[in-house]
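Here is my note on the model, as numbered points. Please read it with the structure open.

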Amino acid sequence: MAEFITFFFGAAVILAGAIGVVVARNAVHSALFLIQTLLGVAVIFVVQEAHFLAAVQIVVYAGAIVILFLFVIMLLGVDKSEDLGVEPIAGQKPLAVVLGASLLATAITFVLVATDGATGVGSADPERQLDSGITDIERIGRVLFTEYAVAFQLTAALLTIGVIGAVVLTRSLSTADQLDDLEPASMDLPSLAPEGANDEHHVDTVEEDAS
Amino acid sequence: MMFAQDPLYAGDWLGDALITGLKVLVAFAFLLVAVMLNIWFLRKVISDFQNRIGPNTAGRWGILQSLADGIKLFFKEDLIPDNSDRFAFKLAPYLSLVPAFLVFAIIPIGGDFNGDDGDGVVSIFGHDTLLQVADPPVGVLWFLAMSSLAIYGVMLAGWSSGSKYPLIGSVRASAQMVSYEAALGLALASVLLVSGTLSTHAMVIDQSGEGPAFFGIENILPAWYLLPVGIVPFVVFIIAGTAELNHPPFDLVEAEQEIVGGFHTEYSSIRFALFFLAEFMNQITMGALLVTLFLGGPNGPALFFPEGWWIGVFWFFVKLMGFLFLLVWVRATLPRFRYDQLMDFGWKLLIPLSLGWFILLAFIQIGRDEDWSTAQFVGLGVGLAAAFVALAGMLTLAIRNARNERIEEMEDAHG
């Protein structure tokens with residue numbers, strides 16, 4: 001009973017958040033509603049006794065990914081309300097409806113067709129039963145470092161490559177030639193060297209430009 | 001994980017609910033009063049450092065000064081800037097405050113952990129329970145989750161104010177908190193490697209009783225995690241924790257000389273008070289967590305073993321006060337970091353240091369599990385040390401190289 005009530009309220013919070021993400025006019029408000037949805041999902045995880053997943057859900061999704069979203073929204077300056085009447089990509093709306101409907105249909109079919117329930121919890125097969133003597137944290141740790149060790153390490157490598165790639169891509173612009181072509185941020189003030197000291201060379205350039 | 005369960009939830013549900021409610025109330029009231037005293041303590045100690053008297057008018061020794069300040073703040077006019085995003089502006093203080101309260105729920109503040117059956121269980125009105133609000137199986141991950149939520153309060157406050165100083169402050173704050181959370185998490189991971197559990201209650205049980213013999217003398221060292229984990233994660237945790245708190249010398253977030261008040265520049269009245277409350281509450285919680293993770297929580301030093309739950313509470317507060325004094329001491333002594341120094345310090349020193357220490361601890365742990373002989377330990381240890389030296393050298397080279405390149409680029413571009 002307690003599980004049902006918690007699920008009911010958790011699901012309500014999740015759905016309200018999800019609708020809010022779509023409906024909100026302001027990108028920052030959408031991000032806030034997304035956090036609400038993620039927290040609701042964490043609550044559902046706790047009800048399912050997947051405590052570790054719930055914690056990781058908050059730490060990784062709410063704590064890192066949405067923070068990055070917000071960073072991008074704020075720094076790109078797209079944090080103003082937008083007119084949703086103008087469609088940036090033609091034909092996107094009907095396609096989105098078709099995609100959403102088919103995903104929903106797939107999910108419903110899966111729940112209806114699966115004999116042991118969608119997660120296998122109802123299965124009589126002892127292999128698929130959860131052992132209540134071991135915590136979910138220990139179970140995830142064991143599986144991750146035995147069965148899925150290779151996949152785990154490949155993911156780690158992929159993430160490292162992603163980070164290094166991002167650094168390389170952002171730095172490629174700052175070669176000396178390209179920097180020359182860029183407009184200085186402020187024409188009348190000498191900029192600072194990366195160390196914070198006054199950059200004498202730059203002052204010279206400003207004087208040359210002025211003359 | 002049987003002992004991670006609070007024994008409370010075996011009895012009748014009404015009594016359990018009442019006891020849980022009582023514990024929540026006590027924790028809530030305790031945090032509010034502690035913040036009041038913490039502010040007074042800070043102001044008194046810092047005026048001692050600066051050879052002045054400090055608050056001395058409201059109440060004896062000025063102890064009611066924070067209460068007076070709080071009442072004054074509550075009755076001030078509440079301003080909302082025209083340019084602000086009203087929804088987010090009103091939401092932000094609560095996003096700061098609520099996680100600050102929630103983290104404290106996992107801190108064990110007392111209980112009798114002595115002897116073989118010392119499991120910290122106390123009896124309140126005939127109900128067996130623990131002296132902490134909750135003991136979730138994820139334990140300290142709860143702290144990480146809540147501190148990552150707390151960033152939103154600061155970030156939204158700065159953005160929604162609709163003015164540039166708060167925005168700069170909040171971008172600084174979120175970059176700083178995200179960066180130092182990595183070092184903090186790695187220091188935490190070192191403790192988890194030794195403890196083998198996430199539950200704070202199980203950790204405190206593990207740290208009770210006598211520690212290892214000290215040069216053959218028994219019963220002199222406590223079993224605190226500080227000894228097996230080592231001094232490096234402890235120091236990294238204190239530094240990264242101070243940075244997480246945006247406490248001097250890491251208070252670039254609200255650097256008065258540069259960006260007025262940072263993210264809370266536009267806030268006034270009760271909303272400002274809520275930010276202030278959250279900041280000081282986080283100091284107390286960070287100290288409590290440090291005590292739990294490294295200094296044995298409510299466990300006293302090994303030499304001293306009286307009975308009773310109150311002695312645990314006593315030791316807990318003694319250690320917590322030590323941390324709070326350290327914070328004030330640092331605040332009074334060190335000047336503020338420059339922003340690039342802050343980032344260099346976090347990413348290029350603290351993170352590699354705690355990561356290296358983590359690998360070292362894992363090495364020792366595996367050696368113990370596999371029963372390595374001394375020769376194996378020495379041989380593999382030399383190899384590991386060589387790898388460390390090589391890595392440290394590569395890191396230093398990379399940092400120096402990047403720095404030289406930056407200077408050259410600047411010279412080429414402008415010279």
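1. Where is B:Pro249 found? B:Pro249 sits in the loop between α8 and α9 (256-259) of chain B. A cis peptide bond joins B:Pro248 and B:Pro249, with omega at about 5°.

2. A word on the source. This is a predicted model, where local features need pLDDT of at least 70 and side-chain atom pairs count only at pLDDT 80 or more, while totals for chains, interfaces and linings use all residues. Residues are numbered from 1 along each chain as its sequence is written, and chains are lettered from A and ligands numbered from 1 in the order in which they are written.

3. Chain B overall. Chain B has 13 helices and two strands. These are DSSP runs, numbered from the N terminus: helices are H or I with at least four residues, strands are E with at least two. Of the 415 residues in chain B, 42% are buried. Buried means that 20 or more other C-beta atoms lie within 10 Å of the residue's own; exposed means 12 or fewer, and partly exposed is in between, with C-beta atoms placed from the backbone.

4. Contacts in chain B. Take the contacts with a separation of 6 or more: residues 24 or more positions apart account for 78% of them. A contact needs C-beta atoms, placed from the backbone, within 7 Å.

5. Domains. Chain B is divided into domain 1 (2-370) and domain 2 (372-415). The bounds come from an automatic or database domain assignment. Six residues of domain 1 of chain B touch six residues of domain 2 of chain B. The domain 1 side of that contact has two nonpolar, two polar and two charged residues. Here Ala, Val, Leu, Ile, Met, Phe, Trp, Tyr, Cys and Pro count as nonpolar, Asp, Glu, Lys and Arg as charged, and the others, Gly among them, as polar.

6. A helix pair in chain B. Helix α8 (residues 231-244) of chain B packs against helix α10 (residues 269-294) of chain B at about 165°, with the axes 11 Å apart. That angle makes α8(B) roughly antiparallel to α10(B). The label applies over 145 degrees; under 35 is roughly parallel, 65 to 115 roughly perpendicular, and the rest oblique. Axes are lines fitted to C-alpha atoms, for helices over the stretch in contact, and angles run from 0 to 180 degrees between N-to-C directions.

7. Who meets whom? From α8(B) come B:Phe234, B:Phe237, B:Ile238, B:Gly241 and B:Glu244; from α10(B) come B:Met286, B:Leu290 and B:Phe294. Six of these residues are nonpolar, one is polar and one is charged.

8. A helix pair in chain A. Helix α1 (residues 2-23) of chain A and helix α2 (residues 27-47) of chain A pack at about 160°, with their axes 8 Å apart. α1(A) is therefore roughly antiparallel to α2(A). The contact includes A:Phe7, A:Gly10 and A:Ile14 of α1(A) and A:Phe33, A:Leu34 and A:Gly40 of α2(A). By class, it has eleven nonpolar, eight polar and one charged residues.

9. Positive phi. B:Asn51 is a residue other than glycine with a positive phi, near 60°. B:Asn51 lies in the loop between α1 (13-49) and α2 (65-74) of chain B. B:Asn51 counts as exposed because it has 6 C-beta neighbours inside 10 Å. B:Ser269, also not glycine, has a positive phi near 55°. B:Ser269 is in helix α10 of chain B. With 15 C-beta neighbours inside 10 Å, B:Ser269 counts as partly exposed.

Note on methods:
Contact = placed C-beta atoms within 7 Å.
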